[in-house]
Amino acid sequence: MNWETFNQRFQKGHLLKLFLVCAFPFHLWTILLVLNDVEWIAQRTDLSDVIGVGAYALLYALIESFVFFLCIVALGLIIPWRWNGDKVFAQLGYNSLWIPLWPGLNQLYRYKDFASPDFLVEWLFSTGHPLRYGAVVLGLLITIIIGSAGVPNFLIGFKYPVEKNTRNFLERIAFLSSLYIALDIISVIIVLIRNIN
Amino acid sequence: MRLDRREFLKLLSLLPAYSILRPAINQKPTQISSNPYAQNVLIILFDALTACNISFQGYPRETMPKLSRLLDRTVVYHQHYASGNYTIPGTASLLTGSLPWTHRAIKMNDYIVPEVELFNIFHLFDDYYRIAYTHNPLADHFLGQFNEDITLHQPLESLFLNTTWWINRFFKNDYDTASLSWDRTSNTNLDGLVYSLIFSDYMKKFLQKPPPDIAELFPRGFPTMRYENTFLLEHAINWIQNSIRDFIQPYIGYFHLFPPHDPYNTRREFVDTFLNDGWEPPNKDFHHLSPKRRVTREEQLSYRRDYDEFILYVDAEFDRLFAFLEQEGILENTWVVVTSDHGEIFERGLIKHGTIHLYQPLVKIPLIIFEPGRESRQDIYSPTSCVDVLPTLLHLTDHPIPGGLEGDILPPYRNTEIDPNRGVYALRAKLIRDSWGPLTSGTIMMVKDRMKAIRYFGYRDAYDFELYMESDPYYEIYNLEDDPEEMNNLTHQNTPEIKALMDELEEKYYEVGGAYR
């Protein structure tokens with residue numbers, strides 16, 4: 001692979017938008033949690049500390065977004081070579097939204113008693129099938145993979161209206177995310193000011 | 001000059017050498033005293049060690065059995081107070097002999113004001129070889145401020161197992177906030193949900209992977225500074241032992257070691273020592289000025305037990321250091337001071353020390369002085385303050401005591417009795433907007449003889465986080481002799497003695513509560 005093939009696959013404008021889409025879930029999650037922490041951080045010291053913690057958090061989110069973006073770009077190198085330009089952007093953009101969703105749900109599930117719906121678990125166990133214990137895990141995995149990865153990726157790859165609508169949706173996400181990047185720039189300035197002697 | 005890959009790799013190989021040589025590079029030339037009789041000073045400070053949980057200070061649990069056995073050649077202070085309830089004011093007062101409203105290190109990340117900086121212990125011992133180390137970045141913050149006066153300032157991260165050294169390196173001036181944010185980004189032990197969605201958690205696990213042989217020794221997890229900077233007290237003690245032979249005499253060493261500060265991860269042999277021992281502290285009501293996240297009685301007891309078992313670890317490691325000092329003959333010409341910067345609390349719905357209160361567990365700290373050649377134990381029961389330590393050490397080592405210090409020479413080293421009317425003070429004013437401005441909200445404490453007065457002020461205006469004040473200012477008065485647990489607030493008795501005490505603290509507040517300068 002050389003720069004020429006790389007450039008065929010990723011157009012410059014798409015790369016920037018893809019980065020913005022990658023940044024979206026990380027920033028949204030961080031901002032929600034920082035807002036949730038405002039009270040106890042302010043109680044611990046004062047409001048300037050809240051702003052400081054938020055600024056560092058956005059800085060970490062920016063770095064994490066960038067690392068994730070590199071992973072998504074790497075992922076882009078293994079999808080079919082006949083897909084280029086808009087379709088690659090739609091495909092990778094979609095994946096960069098759902099992949100961070102699951103670790104977020106995982107955190108909620110592990111630490112906030114965000115339990116599976118009782119009726120689903122009861123139904124699975126009521127089947128009495130010898131594989132019912134494994135079936136719960138297997139069923140969840142299959143649902144996750146097919147539901148969030150397989151079907152949408154297939155539709156984006158082969159159905160133009162889905163691809164087009166996905167792209168339009170991603171454009172809006174990228175625009176919203178650019179506001180987060182503006183916040184990141186302010187955060188960098190805040191961090192610099194706080195660390196000047 | 002063009003740097004090719006081979007040359008770059010060669011230069012890279014110098015990095016480990018730099019990390020080893022860095023302490024030596026940091027050493028500064030000093031004019032050491034030529035007095036052959038000059039005595040050394042070692043200050044060993046254990047962070048967040050409350051006197052209220054120490055066996056030889058009346059605590060029912062045997063938390064410091066080894067140190068108890070060493071006391072027959074020491075001076076033990078039974079009413080010694082920190083000047084605040086957390087590291088910043090407590091350490092600043094100890095190192096400068098001045099009270100928080102004078103040094104103005106009140107809030108997180110505050111520096112000591114320039115006038116007081118000149119009275120720092122390292123500056124006043126300028127004819128000594130001066131060494132300092134701390135695990136605690138808040139204390140290291142001051143060592144950084146005094147860097148020009150310290151001969152050897154051992155880098156904080158040098159005695160960590162694996163560290164978030166990069167926070168201290170890149171965000172040194174804002175360590176507390178940067179590391180708090182990093183904790184919330186990566187540490188699931190705090191709230192469960194972390195700011196980072198994917199990577200930091202894995203990176204943290206990778207960074208904190210401990211060597212298995214050491215991990216077995218700490219089944220509750222390693223002692224850590226802010227959950228990331230893992231360290232062993234053993235390594236700090238070993239470092240002191242190995243380095244002390246190289247110190248040029250006379251020397252003064254300040255070693256501010258983090259245990260028993262939380263998290264209370266004690267060593268294997270001390271785990272569950274006090275489980276089912278049948279002892280329970282008195283049950284105290286929640287305070288109406290406590291935060292809304294109140295800790296249940298069961299949690300308080302559990303945290304207390306973990307803390308007490310962590311003190312056993314401190315006791316064992318100090319004993320190891322003491323045995324070394326004795327064996328090497330160092331104690332023959334060295335004053336050893338054991339103390340703390342603030343206390344820790346496990347009652348009234350409160351745990352640790354992040355609180356507006358100044359109850360005894362939060363401010364009463366140990367002070368033990370090992371005197372060269374002393375053969376008997378002496379117990380001092382009059383109230384003393386951490387600001388007294390610096391003038392006392394200057395007096396004991398024949399240094400002049402500058403007029404600006406606010407402490408007194410401690411008994412029994414003074415020629416006269418300590419003034420019974422002297423007040424011993426502490427302040428907590430973390431919520432004020434500007435540390436150089438007036439003290440608009442906070443808690444101030446005065447201990448005088450057997451009485452203690454606490455004044456809460458300005459909380460209603462500062463924040464409305466469920467802080468309900470019956471009156472502003474709100475007072476509490478306790479008779480520590482009759483009521484050492486501070487359960488019976490005497491303010492409503494309205495006797496002349498109580499009124500005089502309140503008036504005196506009120507006057508003190510108006511004397512010191514103005515803006516700096």
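User: I would like to learn how to read a strand. Which residues lie on one side of E1(B) and which on the other, and are they buried or exposed?

Analyst: Both faces of E1(B) are covered. Asn40(B), Leu42(B), Ile44(B) and Phe46(B) are on one side, Val41(B), Ile43(B) and Leu45(B) are on the other, and all are buried. Keep in mind that this is a predicted model. The general idea is that side chains in a regular strand alternate between the two faces of the sheet.

User: How many of the residues of strand E1 of chain B are buried, and what follows from that?

Analyst: For this step you need the cut-off: a residue is buried when its relative accessible area is under 20%. In strand E1 (residues 40–46) of chain B, 7 of the 7 residues are buried, so the strand is largely enclosed by the rest of the structure.

User: Which strands does E1(B) pair with, and in what sense?

Analyst: Take the partners in turn. With strand E10 (residues 334–339) of chain B, E1(B) pairs in the parallel sense over 6 bridges. With strand E9 (residues 251–257) of chain B, the pairing is parallel over 6 bridges as well. To locate the pairing in the model, look up bridge partners. Leu42(B) has Val336(B) as its partner in E10(B). On the E9(B) side, Ile44(B) stands opposite Phe255(B), and the bridge partner of Phe46(B) is Leu257(B).

User: Where does E1(B) sit in the order of the sheet?

Analyst: Read the strand order from end to end: E5-E4-E9-E1-E10-E13-E2-E14 (chain B). It is an open sheet of 8 strands with mixed pairing.

User: Let me try another strand. How many residues of strand E16 of chain B are buried?

Analyst: The reading goes as before. Strand E16 (residues 424–428) of chain B has 5 of its 5 residues buried, so this strand too is largely enclosed by the rest of the structure. Val424(B), Ala426(B) and Arg428(B) point one way, Tyr425(B) and Leu427(B) point the other way, and all are buried. Note that Arg428(B) is on that list.

User: What does E16(B) run against, and is the sense parallel or antiparallel?

Analyst: E16(B) is joined by 5 bridges to strand E17 (residues 442–448) of chain B, and the two run antiparallel. One position to check is Arg428(B), which stands opposite Thr443(B) in E17(B).

User: Now a helix. How many residues of helix H4 of chain B are buried?

Analyst: Count along the helix. Helix H4 (residues 87–96) of chain B is mostly covered, with 10 of its 10 residues buried. Among them are Thr87(B), Pro89(B), Gly90(B), Ser93(B) and Leu95(B). Just after H4(B), Gly97(B) takes a positive phi of about 65°.

User: Is Glu234(B) buried or exposed?

Analyst: Start from the accessibility value and then list the contacts. Glu234(B) is found in helix H13 (residues 233–244) of chain B. Its relative accessibility is 12%, so Glu234(B) counts as buried. Neighbours within four places in sequence aside, Glu234(B) is in contact with Phe218(B), Arg267(B), Tyr313(B), Glu317(B) and Arg320(B).

User: What about chain A: how many helices and strands does it have?

Analyst: Chain A has 7 helices and 0 strands. Of its 197 residues, 42% count as buried. Among contacts in chain A with a separation of 6 or more, 82% are between residues 24 or more positions apart.

Terms used
Residues are numbered from 1 along each chain as its sequence is written. Chains are lettered from A and ligands numbered from 1 in the order in which they are written. This is a predicted model: local features need pLDDT of at least 70, side-chain atom pairs count only at pLDDT 80 or more; totals for chains, interfaces and linings use all residues. Side-chain values use heavy atoms; hydrogens and water are left out. Buried means under 20% relative accessible area, exposed over 50%, partly exposed in between (1.4 Å probe, protein chains only). Helices (H or I, at least four residues) and strands (E, at least two) are DSSP runs, numbered from the N terminus. Two strands pair if DSSP finds at least two bridges between them. Contact means heavy atoms within 4.5 Å.
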